[in-house]
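Here is a short briefing on one chain. Look through the structure first, then read the points below by topic.

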Amino acid sequence: MTAEQFAVQDTPARAARTTAVQIGESFIGDGVNAAHVNTVLGHRDGPAGIAWATALATPSSGHVPFVAVLRPSLPVKPLTLFVTKAAPANDQHGNLIWGAAQAGIAAGVADALANGTVTGEQADSHVVIAAVWVNPAADDEDAVYRNNRESVRTALENGAQHLPSSSAVIEARNSPSNPFFTPRG
C-alpha cells in the first residue's frame, strides 16, 4: 500500500466507523429458562475487535469464550464471541450453554443479519461479543434455545436503535426491578 492509499484510507470518517460500538441488552422469558444477553457490535479494526480477540485469547477458569457456530465449521457472521456469565455448574448446564444457548445465539445473530439490523457489509467487517446468562437450574433446552435466539436478536436491535431512551431511564428510576429483586417501597 502506498502512502497516498494509506492516507485516503485513514480518514476521520474511517476512524469513526472503526471505533463506534453498539451496546445492546435484552432479557427474554421467565423462570430458570430465561435468557439475558448483552451485546457489543463493532468493527474488527476498532475497540470491539480488540476486546473480541483479547477475550478469545484469555479464557479464565469456568469462562471459556468461544466462536458461536450455526453448525460445526459454519460460524455465524458477524463472527460472534459467546461469553458465559455463569461457569458451567454441572454437565447438564454445560450442555445447555454449548448446545441450546449457543445455537440460539448463532441463529439470533443470523436473524439480525437477515432482517437488516446488521448489514451485509457489517457481516464481514464487524464482530459481536455476546455475554450470555444461562441459569444453572435451566431445564428446558428448547426454551433456552428460543429465549437466547430472541434475546440476542433483540439486544442487537436495541443497540442499533440506541435503546433504551434517556426518558425511559429517567421514568423508571424510582421503580427499579429485576427477576431477582424488587424494592418494597
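In which helix is Ala-155 found? Ala-155 is found in helix H6. Helices (H or I, at least four residues) and strands (E, at least two) are DSSP runs, numbered from the N terminus.

This is a predicted model: local features need pLDDT of at least 70, side-chain atom pairs count only at pLDDT 80 or more, and totals for chains, interfaces and linings use all residues. Residues are numbered from 1 along each chain as its sequence is written, and side-chain values use heavy atoms, with hydrogens and water left out.

**Fold and overall dimensions**

- The chain has seven helices and seven strands.
- Along the sequence, their order is α-α-β-β-α-β-β-β-β-α-α-β-α-α.
- Taken along the principal axes, the C-alpha atoms fill a box of roughly 60 × 45 × 30 Å.
- Among contacts between residues at least 6 apart in sequence, 72% join residues at least 24 apart. Contact means heavy atoms within 4.5 Å.

**Surface and charge**

- The accessible surface of the chain comes to about 10,300 Å². Carbon and sulfur atoms account for 56% of that surface. Areas come from the Shrake-Rupley method with a 1.4 Å probe; for residues, only the protein chains shown count as cover.
- Buried residues make up 36% of the 185 residues. Buried means under 20% relative accessible area, exposed over 50%, and partly exposed in between (1.4 Å probe, protein chains only).
- The chain carries 11 positive and 16 negative charges, and their mean positions are 3 Å apart. Lys and Arg count as positive and Asp and Glu as negative; His and the chain ends are not counted. Each charge is placed at NZ of Lys, CZ of Arg, CG of Asp or CD of Glu.

**Salt bridges**

- Side chains of opposite charge can pair when their charged atoms come close.
- A search of the whole structure finds three salt bridges. The criterion is a side-chain nitrogen of Lys or Arg within 4 Å of a carboxyl oxygen of Asp or Glu.
- Lys-77 pairs with Asp-124, with the closest N and O atoms 2.5 Å apart. Lys-77 lies in the loop between strand E5 (74-75) and strand E6 (79-84), and Asp-124 lies in helix H5 (residues 120-125), so the pair ties together parts that are 47 residues apart in sequence. Lys-77 is partly exposed at 39% relative accessibility. Asp-124 is partly exposed at 46%.
- Arg-149 and Asp-111 meet in a salt bridge at 2.7 Å, N to O. Arg-149 lies in helix H6 (residues 141-160) and Asp-111 in helix H4 (residues 91-114), so this pair ties together parts that are 38 residues apart in sequence. Arg-149 is partly exposed, with a relative accessible area of 29%. Asp-111 is partly exposed at 23%.
- Arg-153 forms a salt bridge with Glu-157, the closest N and O atoms being 2.9 Å apart. Both residues lie in helix H6, four residues apart, about one turn of the helix. Arg-153 is partly exposed at 23%, whereas Glu-157 is buried at 19%.

**Buried positions and their contacts**

- Ala-155 is buried, with a relative accessible area of 0%. Leaving aside neighbours within four places in sequence, Ala-155 is in contact with Gly-24, Glu-25, Ser-26, Val-37 and Thr-39.
- Ala-130 is found in strand E7 (residues 126-133). Ala-130 is buried at 0% relative accessibility. Not counting residues up to four places away in sequence, Ala-130 touches Val-37, Asn-38, Thr-80, Leu-81, Phe-82, Val-83 and Ile-105.
- The C-alpha atoms of Ala-130 and Val-37 are separated by 6.4 Å, although the two are 93 residues apart along the chain.
- Thr-84 has its place in strand E6. Thr-84 is buried, with a relative accessible area of 9%. Beyond residues up to four places away in sequence, Thr-84 touches Gly-62, His-63, Ile-97 and Val-132.
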